[in-house]
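Hi everyone, thanks for coming. Let me put today's structure up on the screen, and then we can walk through a few places in it together.

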Amino acid sequence: MKLKSLLACGGMTLSMAAGAQVNWTASDVNGTSYTLQDYLDQGKTVLVDISAYWCGPCWAWHNSGVMETLMDDFGPNGTGDLMIFWVDGDAATTLPLLQGGAGSQGNWIEGANYPIIGPDGQGQIVANEYTFSGFPTLFVHTPGSTAPITLDNGDFFPYDYSQLYPFLDLLMSQDPAPFANASVDATLMNMTHGSEVCVGETITPSVDIYNAGSTAVTAASVELKVNGALVETAAWTGDLATGEHATINFASTIINGASTVEANLVTTNGGTDEFPAGDINETDFTVPSANVATSVEITILTDDYGAEMYWELVAPSGAIAASGGNSEVGTTNIGNGTGTAPASPDAYGNAETITQEVTLFEMGCYIFSAYDFYGDGICCAYGDGYYQIKDLTSNQIVIEGGSYTDMTSERATNTAVGLSENTLQGVSLYPNPTTGLLNMSFAANTTATVDVFNVLGERMMTSTFSTSGIRSMDLSALANGVYYVNVAADGATTTHKVTLSK
């Protein structure tokens, strides 16, 4: 059984206690100067996370997404009630270490929406103001006092997203005044996190309605917009007391490219929300920037609990192109947080390196997903495991990671199908480059489906031909550039790279 320790890195757990008066001024990694007292004077609650670049539990808490969500929903761009600072308290920290250099747990700066303070002695300026025994230690400052409240590490353990609302309650319990803005005050938070999606992939957005006011929230109207266009209006009814929340689930929506998805609170209890700050929650979805061609090499290094892992590479059609690890864990027996992974003959060993080459036979977007039985990924608290996908055409690593909870998914677009015994023979395409008209010669009498994809894997054109000889497709309506023409017939395929230059 995996035993989780509540001990912080380099020290013992800390009980909740008041500290000495504290005030500091320090600069973040971008050179912006911050003074603690300024935010207290504005009536905000201030959360200071003192961590270290090498600390595994610090990394897990940093990656949980709890602080990012609270900063987004209650920080300067939300209700304005909260300010968060992340501080590297190790005097040896440098900018390269915070960017994921050797010896660091990872890139601490990427994705953070709160100031990162550390290099050039700035982290030490802040850390020296506090008394603590280990990393991570979190301090809460409330308006009217610079004496910090020290949070016990157990109050935000396990270090994952399940702590969002318990941790919010804990923050508010120190001093609810900064968060009390109006009587009728619903706030939108915990919007479905934006991620990388394939072009044409379906998402099911959701958002939480949180009662930050003193009057019960019994009804709300919430709009969902994609790139500013109204997609759906949801009418919610219920009975939320102060501090309670409920989830509004929207219908499935297709994402056809890089998109901003927004939830907008239109009415609360049939009227206008009395404190509109925080009534809009938005997130961004991106399309894969990684391109692969023909074949890839997948490398897995397991952590100290290799039997907990399972992974899949899913082709654009939904077929599983490759998989590995404990099939008894699979895609559903994950995130249990306790116990031992089920026995399976295909389970990996501890700290084992596995390498597998995969030939790609479909054009479009491939999804790599890694799953974990316990729910703590393969890095970094119990071994420095990782996954990597290398494109064997360019010999470049296009996907890598290892720090996640129960599962993670990453995507790459295939731009050239590999050869196999199912390659369609006797097909030629010309001229190439073409000014628009593309001729296709079929040696055999057959019915062929021809799809034209752009470099993102989006299908731009499709046609069906039912005879041998020469047939043509007019590409002139497309923009100049590189395209991939996939010809499928009789259970076999071939793909040709074509350049359109009008």
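This is a predicted model: local features need pLDDT of at least 70, side-chain atom pairs count only at pLDDT 80 or more; totals for chains, interfaces and linings use all residues.

Let's begin inside. The largest nonpolar core has 58 residues. Those with the most contacts inside it are W24, V48, L70, F74, Y130 and F167. Which helix gives the most to this core? That's helix α6, residues 164–174, with 7 residues.

Now find L70. If we leave aside its neighbours within four places in sequence, L70 still touches G75, L82, I84, L164, F167, L168, L171 and M189.

Next, the prolines. Going from F135 to P136, the peptide bond is cis, and omega is near -10 degrees. You'll find P136 in the loop between α5 (122–127) and β6 (137–141). P431 sits in the loop that runs between β26 (427–430) and β27 (437–442).

Last stop: positive phi. N227 is not a glycine, yet its phi is positive, at about 55 degrees. Look for N227 in the loop between β11 (217–226) and β12 (229–240). T294, another residue other than glycine, has a phi near 75 degrees, and T294 lies in the loop between β17 (291–292) and β18 (295–301).

Are these two buried, exposed or partly exposed? N227 has a relative accessible area of 49%, so it is partly exposed. T294, at 30% relative accessibility, also counts as partly exposed.

Conventions
Residues are numbered from 1 along each chain as its sequence is written. Side-chain values use heavy atoms; hydrogens and water are left out. A nonpolar core is a set of buried Ala, Val, Leu, Ile, Met, Phe, Trp, Tyr and Cys residues joined through side-chain atoms within 4.5 Å. Buried means under 20% relative accessible area, exposed over 50%, partly exposed in between (1.4 Å probe, protein chains only). Helices (H or I, at least four residues) and strands (E, at least two) are DSSP runs, numbered from the N terminus. Contact means heavy atoms within 4.5 Å.
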